[in-house]
Amino acid sequence: MDFESQLKEFESHYSNLKDRDQIAEDLGPHTFVLKSKKRAHETKDIDLLFLALIHGNEVGGVAVLNHVLKSMTEGKFKPDIKMAFALGNVEAGFKNSRFVEKDLNRIFGTYETATHEDRRARELETLLKRSRYILDIHQTIEPTASPFFIFGFDKKSFVMAHTIAPSLPIISYSINERKENGLVATSYAIEQGGVAVTAELGQKGFDHTQLDLGYGLCRRAYWYVKNQRLHALKNFFLSIVLRKSKPHADDKILIFSYRHLNEGATNNLMPGFTNFMDIKKGQKLGVSSKGDILSPLDGKILFPKYGQAKQESKELFVILEQLNVQNFLKRFNLTL
Ligand SMILES: [Zn+2]
């Protein structure tokens, strides 16, 4: 599998759906809304949006969306909710890089239009605003011990993530506290009243286990959204197909407890860190111009950056701490 063949496949699924008069709207390149018999909701008329390739080198999500589209073009999957699909940054995909000029996943909710990514963000915002539920598929730079969800805390989004994949860790943060870092697509969608989760399938590239996981998430997200309607119809029997699990005070959540800002060429991590690796307080994690970088707490390391990825990031690494939901809410002054 490679990016260009996956992109061609995506385009052929699109043409197939277009030929069969299934496309309702085009909202930019590789961005479309499917027709639906369902009566349109007022402002949020798209029930479910699947997003991939917001980062151009996280190509695994394209294969996942192709799998979903293939099941439609083969007639095996006939959605009866209004769905939309989008590939975020195809230009960066051709370069096999995270972005061309700006990290697309840090610039939602601004008014800039100077770069390719600014313009693409403005285009995608239209789609994000109209979507009730969003699954945004990403991959990590380094290997990860477990796939995971990561998104700004929102009760409905937490419930969705917890329901569609109860065993995946959920990493969360207060959207307000991370605003200075720039808004990611799902935070923007949540601020616009949508329910949105970001899934990190594993290390970037094409991988069959990740494809299965991503396809499973898409299927369950579909049933989850469909179930919201069934639930509204008070159809008890069908509503237990996918039971909603309310966040419980004891549910676990991981937070960014410490962020080490990237000082550039003078700071470097020790080699070999991967996502979710356990680290101890006082452990030597790297070196900087000021001396050794020691971990200020016990936790798990996330997003360790080396090489090119380090050059492109404001963060060298993050340390996660596990809390229960009750303490998480208290820490960030949030309520359920
Ligand atoms: Zn990403």
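Visitor: How far apart do the C-alpha centres of domain 1 and domain 2 lie?

Guide: In this predicted model, the C-alpha centres of the two domains lie 27 Å apart. Domain 1 spans 3-239 and domain 2 spans 255-331.

Visitor: What makes a contact between them, and how many residues does each domain give?

Guide: Two residues count when their C-beta atoms, placed from the backbone, lie within 7 Å. By that cut-off, eleven residues of domain 1 and ten residues of domain 2 take part. On the domain 1 side, the largest share comes from strand E7 (residues 170-173), with three residues. That side of domain 1 holds five nonpolar, four polar and two charged residues.

Visitor: How do you know that E11 and strand E14 are paired?

Guide: Pairing needs at least two bridges found by DSSP. E11 and E14 (residues 299-302) have three bridges and run antiparallel, therefore they count as a pair. In one of the bridges, Met277 is partnered by Ile301 of E14.

Visitor: Which sheet holds them, and what is its strand order?

Guide: An open sheet of twelve strands, with mixed pairing. The order is E1-E2-E4-E3-E5-E8-E6-E7-E9-E15-E14-E11.

Visitor: Why are strand E1 and strand E11 called edges?

Guide: Strand E1 (23-26) and strand E11 (277-279) each have a single partner strand, so one side of each lacks a neighbour in the sheet. Neighbouring strands of this sheet are turned by 30 degrees against each other on average, direction ignored.

Visitor: Which strands does helix H2 lie across?

Guide: Helix H2 (residues 60-73) lies across strands E3 (46-52), E4 (83-87), E5 (131-140) and E8 (195-203). H2 runs at about 140 degrees to E3.

Terms used:
Residues numbered from 1 in each chain as written. Predicted model: local features only at pLDDT ≥ 70, side-chain atom pairs only at ≥ 80, totals over all residues. Domains from an automatic or database assignment. Helix = DSSP H or I, 4+ residues; strand = E, 2+ residues; numbered from the N terminus. Nonpolar A, V, L, I, M, F, W, Y, C, P; charged D, E, K, R; others polar. Axes fitted to C-alpha atoms, helices over the stretch in contact; angles between N-to-C directions.
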